[in-house]
Amino acid sequence: MLSREYLREHTDEYRQALKKRGASVDLERFLELDAERRKTIVAVEALKNQRNTASQEIAALKKSKQDASAQIDAMKRVGDEIKELDARLGQIEIDLANLELYFPNAPHESLPVGPDETHNRVERTWGDKPAFGFTPKPHWEIGEALGILDFERATKVSGPRFAFLFGAGAKLNRALISFMLDRHESNGYIEVVPPDIVNADSLRGTGQLPKFEEDLFKLQGERAYYLIPTAEVPVTNIHRDETLDASALTRKYAAYTPCFRSEAGSYGKDTRGLIRHHQFEKVEIVKFTMPDRSWDEHETLTNDAEALLQALGLPYRVVTLSTGDLSFSSAKTYDIEVWLPGQETYREISSCSNYLDFQARRANIRYRTADKKGGFVHTLNGSALPLGRTIVAILENYQQADGSVVIPKVLRPYMKGVEKIG
RNA sequence: GGAGAGGUGGCAGAGCGGUUGAAUGCGACGGUCUCGAAAACCGUUAUACCUUAACGGGUAUCGAGGGUUCGAAUCCCUCCCUCUCCGCCA
């Protein structure tokens, strides 16, 4: 959510931002309602002031056993007016919320402007693409041949876009979790196991609701429960409706959770392999920081994710998402794309975003300094890393001519010294 | 699932329907005293919104939302949450 003051006073700037995103919202209606809201508040508060004053007079009169019926009658009419205006104000607030919860964040000025991902800007590239003396295979062929990936049975048991991991594949998964969490711990992230089911307030706080409900799995039942699409939701909402001590910022969390996405509207996309599933696992890193530090924290957060790929020896590049490719809540996002030789392409493996105070306003997460200055914190997060896509990258980059797969050195201590699969 | 108790300021804890934004205590902050500290004493000690060039002024907030009333922390209704006991369960 953007501040009403910003929308009111930098209207043209925000209009430009919307244009760059290719988004359209009813900004004019918002401005009208905002003006009416303030006008109504002035009117109703004047009446309340009148009533409060009169109430004290009535109390004084009654105390001295005098007649107060004239004042009481007058206040009856004032009371009715107040009731009317308060009702109108309530409706305006509802209408405003229904508008502004759909207003996307304003993209940062450093983003390349463009309608889609073809305008993303490559910032840097790391690592050498592995050279093979044979034609490298895609991961689904490697994994199925090794008996560690099984899509057919997952489709039988659940449906399309699910997978089984067996044996060494499952162990590789487990090793990666420990490896990543250990790295994050030494970088100062607090390890957290959050709930995998959240309420609607939390999803509103991080920006998935109200606009993107169709992307979520909603549970049947009396309560509005949802499966989390990312640990960003429960972890960012840890501090919803809280005021954090500025001296305790930046606060950093790392969480390993499953993620559930309906993938509505992605029929036909990425149908092979482990790339786009309804359920996947991910280690997510989240930061709460002071506004003046968030851009620096954004860089270091991205570096923390990159460091994992470097340690795993997986070639990647970092791109800045263009204005049209940017997600709803984000002001700036770096995508890290890992090289997949089996598919001869760079593939998104991590998104590292700075939301500025957009989520903090929705979720009401504030800070307070020692000298009592307050405001909204800035929130950031990034995947570091998703398990499925990391396994994909390992299988494809470390595959051998004989169909086996070498285990990256940093993972071997987590796999009882096993050096290769197959 | 059944039975009960309770939600008031940073915390603890008062609060006959009428100067109660809210006693009191603790904590925190500032000051006096001291070489310094402790103790003692004095003072300060919420947030949001509206308004104002500013000083300031106003409104709201005692779990949430409705209602009664000229006036609600206080009365009524609904909901939420927490705790205790029983049952069930990994």
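Modeller: Two strands pair if DSSP finds at least two bridges between them; strands (E, at least two residues) and helices (H or I, at least four) are DSSP runs numbered from the N terminus. The model is predicted, so local features need pLDDT of at least 70 and side-chain atom pairs count only at pLDDT 80 or more, while totals for chains, interfaces and linings use all residues. Residues are numbered from 1 along each chain as its sequence is written, and chains are lettered from A and ligands numbered from 1 in the order in which they are written.

The part in question is an open sheet of 3 strands in the order β7-β13-β14, and its pairing is mixed. At its edges stand β7 (242-245) and β14 (374-376); each has a single partner strand, so one side of each is left without a neighbour in the sheet. On average, neighbouring strands are turned by 30 degrees against each other, direction ignored. β7 and β13 (residues 365-368) run parallel and are joined by 4 bridges. One pairing links Glu242 with Ile365 in β13.

As for the helices, α7 (residues 167-186) packs with α12 (residues 387-397) at an angle of about 115 degrees, with the axes 10 Å apart. Axes are lines fitted to C-alpha atoms, for helices over the stretch in contact, and angles run from 0 to 180 degrees between N-to-C directions. The two helices are therefore roughly perpendicular (65 to 115 degrees). Gly169, Leu172, Asn173, Leu176 and Ile177 of α7 meet Leu387, Thr390 and Ile391 of α12 (C-beta atoms, placed from the backbone, within 7 Å).

Technical notes: Parallel < 35°, antiparallel > 145°, perpendicular 65-115°, else oblique. Contact = placed C-beta atoms within 7 Å.
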